Amino acid sequence: MTVPHKTVPHKTAHQPGDVGRRVALRREQLGLTLEEVAARAGMAPSYVQYVEEQSDTIGSSALLRLAAALRTTGRQLLGVGPEHPAEALAPPPQTVLQEMDPADCWSRLAEHGVGRLALATDDGPAVLPVNYAVIAGAIVYRTVSGEAPAAAVGSEVAFEIDQVDEAIAAGWSVLAVGTAERVTPSEEEAAGKRDVWIRIIPDRVSGCLIRESQG
């Protein structure tokens with residue numbers, strides 16, 4: 001896996017970082033702390049801070065979860081609407097979050113094969129796609145020594161999968177948090193270029209259903 005170099009984009013009506021500024025503005029309007037927004041959205045406070053201060057892009061699931069936590073909509077956080085962001089953030093919520101039970105979270109984790117790994121790197125926070133499998137209550141993925149996913153070893157990481165239909169503002173998201181550790185595979189399993197196996201045994205797993213508000 002290779003990590004693409006960042007390029008400086010041309011300025012447009014919605015420049016990279018606009019979403020983060022709108023999230024921060026709405027949070028301040030509601031008088032909420034990073035920790036309070038993170039708890040409402042089922043995210044780590046450090047990830048909310050990353051979105052506000054550094055993120056160039058944001059996934060559909062994270063966008064909808066933040067929108068529901070901030071009592072607004074994903075479209076408004078993206079700046080799709082009136083010219084004045086403060087006015088655009090005023091309407092009542094359009095999506096709601098419903099907590100999923102742990103068994104449902106694990107069932108969805110076991111059914112999928114690609115997720116996002118959030119970890120700290122020497123260049124700052126990073127969110128990386130990885131192929132994975134659920135084995136004996138752990139999330140396991142393969143990588144190459146020296147590449148970014150291998151830097152997770154020994155540190156607490158977050159792992160997320162989701163499925164969102166933006167057209168109807170509905171879907172679900174599962175988040176697992178735990179310490180990543182390197183494991184030794186069998187000789188047969190270790191074959192191939194990606195010979196580093198990493199296991200995450202979650203300390204906590206949470207999930208939510210995202211649906212359109214009826215109110």
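## Helix 2 against helix 3

Axes are lines fitted to C-alpha atoms, for helices over the stretch in contact, with angles from 0 to 180 degrees between N-to-C directions. In this predicted model, the axes of helix 2 and helix 3 come within 8 Å and cross at roughly 110°. Helix 2 is therefore roughly perpendicular to helix 3 (65 to 115 degrees). Helices here are DSSP runs of H or I, at least four residues, and strands are E runs of at least two, numbered from the N terminus.

Helix 2 contributes L34, E35, V37 and A38 to the contact (heavy atoms within 4.5 Å), and helix 3 contributes P45, V48, Q49 and E52.

Helix 3 spans residues 45-53.

## Two nonpolar cores

A nonpolar core is a set of buried Ala, Val, Leu, Ile, Met, Phe, Trp, Tyr and Cys residues joined through side-chain atoms within 4.5 Å. The largest has 23 residues; L117, Y141 and F159 touch the most other members. Apart from it lies another core, of 17 residues, including V23, V48, V51 and L77.

Beyond neighbours within four places in sequence, F159 contacts L109, G115, R116, L117, V130, Y132, I139, V174, L175 and A176.

## Basis

Residues are numbered from 1 along each chain as its sequence is written, and side-chain values use heavy atoms, without hydrogens and water. Local features need pLDDT of at least 70, side-chain atom pairs count only at pLDDT 80 or more, and totals for chains, interfaces and linings use all residues.

Technical notes: Buried < 20%, exposed > 50% of the residue type's maximum accessible area, 1.4 Å probe, protein only. Parallel < 35°, antiparallel > 145°, perpendicular 65-115°, else oblique.
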